[in-house]
Amino acid sequence: MACLAYIEFIFECGVQLPGKNLAKLEIKDVSKYFEVVGRPSNSTFKSSRSSRSSHLTYPSRSSNPLPASSFSSSLEDESPDGLMAAVENVRLSIEEGQFVCFVGPSGCGKSTLLNIIAGLDKPTIGEVILNGRRVTEPGPDRIMVFQDNALFPWLKVIDNVQFGLKVAGVEKKKRHEISMHYLDMMQLTKFAEAYTYQLSGGMKQRVSLARALVMDPEILLMDEPFAALDSQTRDLLLVELQLIWAKTRKTILFVTHNISESVCLGDRVVVFTNRPGRVKKEVLIDYRRPRLTEDNNLYNYQRQVLDELKTEIKTSRKIEEM
Ligand SMILES: Nc1ncnc2c1ncn2[C@@H]1O[C@H](COP(=O)(O)OP(=O)(O)OP(=O)(O)O)[C@@H](O)[C@H]1O
Ligand SMILES: [Mg+2]
């Protein structure tokens, strides 16, 4: 209990509320179609593709050459010209400083959507607007944290953390100072000179988080960052992430398959349908922070998310069995 009181104290101290009602990120009717994997493209596909702009981006839905009705909902779903819808018509408005979790069946396009927001991929239709500007490429304002942490094993912890700052041309002393600040936040100061193989999984994930935070992004995009961790380490990181969020007030988009994780972290939990992923329901988690996964008061929220998700997962299984 003393520990929780301490966490609550730090949490309250860290809370800042910049521009709370400002809509920072807008996902406007985003759809993404992929060429069906393992199938050679046919001539129809080639001709329709060549008539598109080079990055397959469309200004509006009215110019969509592949209406939603041209897809079935089976795993064989594909348009007549050989494309498969991964996500379809996703519209979301995310406010500055919000913590939004994405949940949905495997393959419903959560990572695809994150990649589009990161600028690593382009929407086929629709657009992502950040601070009034259309996202067309990756930028330091959006940083991804992946499940497998993607650290460089040949670099020391400190060099992993300051890598992005070095690339950005930040002067040596300054980048060391910033990196140590975030390592300190992650309680990893003592491990600055260690190599990543000398760290536990949870510590590596914290290094990965520090590496993202040093870039001071406006948005953190987290794709199942804790999925590979044991439950105790994950529970610790869930609290730490809430503390970091309270201190830095970043906008965070967090993909997870873990329902208790989603309601523990999110201001909003967005539930996606089975592929093609559409927003099925949003559950607002209006409950005090910091939250612990074992808090019984979160159970009702978990139930709401589970009820929405259950039918989608059932559909997904049925399709796979077909
Ligand atoms: N580059 C690609 N080329 C072709 N198809 C792709 C590509 N990337 C993703 N897909 C397909 O798009 C669909 C959505 O994939 P995505 O990885 O976004 O799903 P997800 O919701 O993140 O799944 P999971 O929960 O398993 O990580 C899948 O059917 C996948 O095979
Ligand atoms: Mg994924």
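Predicted model: local features only at pLDDT ≥ 70, side-chain atom pairs only at ≥ 80, totals over all residues.
Residues are numbered from 1 along each chain as its sequence is written, and chains are lettered from A and ligands numbered from 1 in the order in which they are written.

**Stop 1: H6 and H7.** Select residues 201–213 for helix H6 and 231–248 for helix H7. Helices (H or I, at least four residues) and strands (E, at least two) are DSSP runs, numbered from the N terminus. Now show Gly 201, Gly 202, Gln 205 and Leu 213 of H6 with Thr 233, Leu 236, Leu 237 and Thr 248 of H7, which make the contact (C-beta atoms, placed from the backbone, within 7 Å).

**Stop 2: H4 and H5.** Move to 157–167 (H4) and 172–185 (H5), which pack at about 130 degrees with axes 9 Å apart. That makes H4 oblique to H5. From H4, display Ile 158, Val 161, Gln 162, Leu 165 and Lys 166; they meet Arg 175, His 176, Ile 178, Ser 179, Tyr 182 and Leu 183 in H5.

**Stop 3: the sheet.** Next, colour the six strands of the open, mixed sheet, ordered S6-S7-S8-S3-S9-S10. Its edges are S6 (142–145) and S10 (279–284), each pairing on one side only; two strands pair if DSSP finds at least two bridges between them. On average, neighbouring strands here are turned by 20 degrees against each other, direction ignored. Zoom in on S9 (268–272), which is antiparallel to S10 over five bridges. There, Val 270 stands opposite Glu 282 of S10.

**Stop 4: ligand 1.** Finally, select ligand 1 and its shell, including Phe 34, Val 37, Ala 86, Gly 104 and Arg 275 (a residue is near if its C-beta atom, placed from the backbone, lies within 6 Å). Helix H3 (110–118) gives the most to this shell, with three residues.

Conventions: Axes fitted to C-alpha atoms, helices over the stretch in contact; angles between N-to-C directions. Contact = placed C-beta atoms within 7 Å. Parallel < 35°, antiparallel > 145°, perpendicular 65-115°, else oblique.
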